[in-house]
Amino acid sequence: RVIREVGGWPKAFPAIGVKKILVLGASGMVGSRVVHEAKLRGHQVTSASRKNGVRVDANDVGGLEKVLSAHDALLVSMGPSRKNDGSPRLVLTYHAIIEACKRTGTRVVFVGGAGSSEASEGVLVVDTPGFPDFIKDEAMQHVEALKFLQTLDDTVTWTTVSPPAQISPGKRTGKYRAGVDNLISTDGVSKISAEDFAIAMLDALDKGLSINQRMTVGY
């Protein structure tokens, strides 16, 4: 009865760390694994995607605010649209998400882009020779979005987690290395499984890692 009256486990027993989490982009390769990892940890998860779950327009501040008011945290596994050239640029979507989070006081963790990481000091991966032209715009949109986040004050608590150069389905080992801006690699190979990347995402949320910063991860 008490749990029902206060609105669920998270509010009844905050010390155990259970949270109500909204995941945007929940049906994608990374998003689906983020949902799975969050549930493994006992969180209450609401999935939102174009394919299934709750329908939420990330660019609709009012609509997103309404949904977020019933949640403790937001995980954003969304990048630029690859199918609709008329979609808002990623930085504009981030503007809407951040405004909704400000209104609700919601902690937010974003999936960033590898291209925005530094291949060497002061040199972004997207600017290195041989970076594929066909994903350059997508990478630059992540650069723009990160720069926007870095202009924010402390009225919203955010983290963006940038993957290594290669991320794909694989094993959940529970192991990864973390950095701040540098692309994580070992012996010249920059990779991680989507399962371990999801662990890093939930660690950022649960452990309060990289508050109002970018975090890079990889093996």
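Which helix holds the place of His-142? His-142 sits in helix α6, residues 136–149. The views below come from a predicted model, in which local features need pLDDT of at least 70, side-chain atom pairs count only at pLDDT 80 or more, and totals for chains, interfaces and linings use all residues. Residues are numbered from 1 along each chain as its sequence is written, and side-chain values use heavy atoms, with hydrogens and water left out.

View 1. Helices (H or I, at least four residues) and strands (E, at least two) are DSSP runs, numbered from the N terminus. His-142 has a relative accessible area of 10% and is buried; buried means under 20% relative accessible area, exposed over 50%, and partly exposed in between (1.4 Å probe, protein chains only). Beyond its neighbours within four places in sequence, His-142 is in contact with Met-78, Gly-79, Pro-80, Leu-90, Val-111, Gly-112, Gly-113 and Ser-116, where contact means heavy atoms within 4.5 Å.

**View 2. Helix α5, residues 90–104.** The 15 residues of α5 reach 21 Å from first C-alpha to last, close to the 21 Å expected at 1.5 Å a residue; the expected span is 1.5 Å times one less than the number of residues. Buried residues of α5 include Leu-90, Tyr-94, Ile-97 and Cys-101. The buried residues of this helix pack against β1 (20–24), α4 (61–68), β3 (73–76), β4 (107–111) and α6. Gly-105, with a positive phi near 70 degrees, follows α5.

**View 3. The largest nonpolar core.** A nonpolar core is a set of buried Ala, Val, Leu, Ile, Met, Phe, Trp, Tyr and Cys residues joined through side-chain atoms within 4.5 Å. The largest has 27 residues, and those with the most contacts inside it are Leu-24, Leu-74, Ile-97, Val-108 and Phe-110. At least two residues of this core come from each of β1, α4, β3, α5, β4 and α6. Helix α5 supplies the largest share, eight residues. Leaving aside neighbours within four places in sequence, Val-108 is in contact with residues including Leu-74, Ile-97, Cys-101 and Trp-158. Another core, of 23 residues, lies apart from the largest one, and among its members are Val-45, Val-161, Leu-202 and Val-217.
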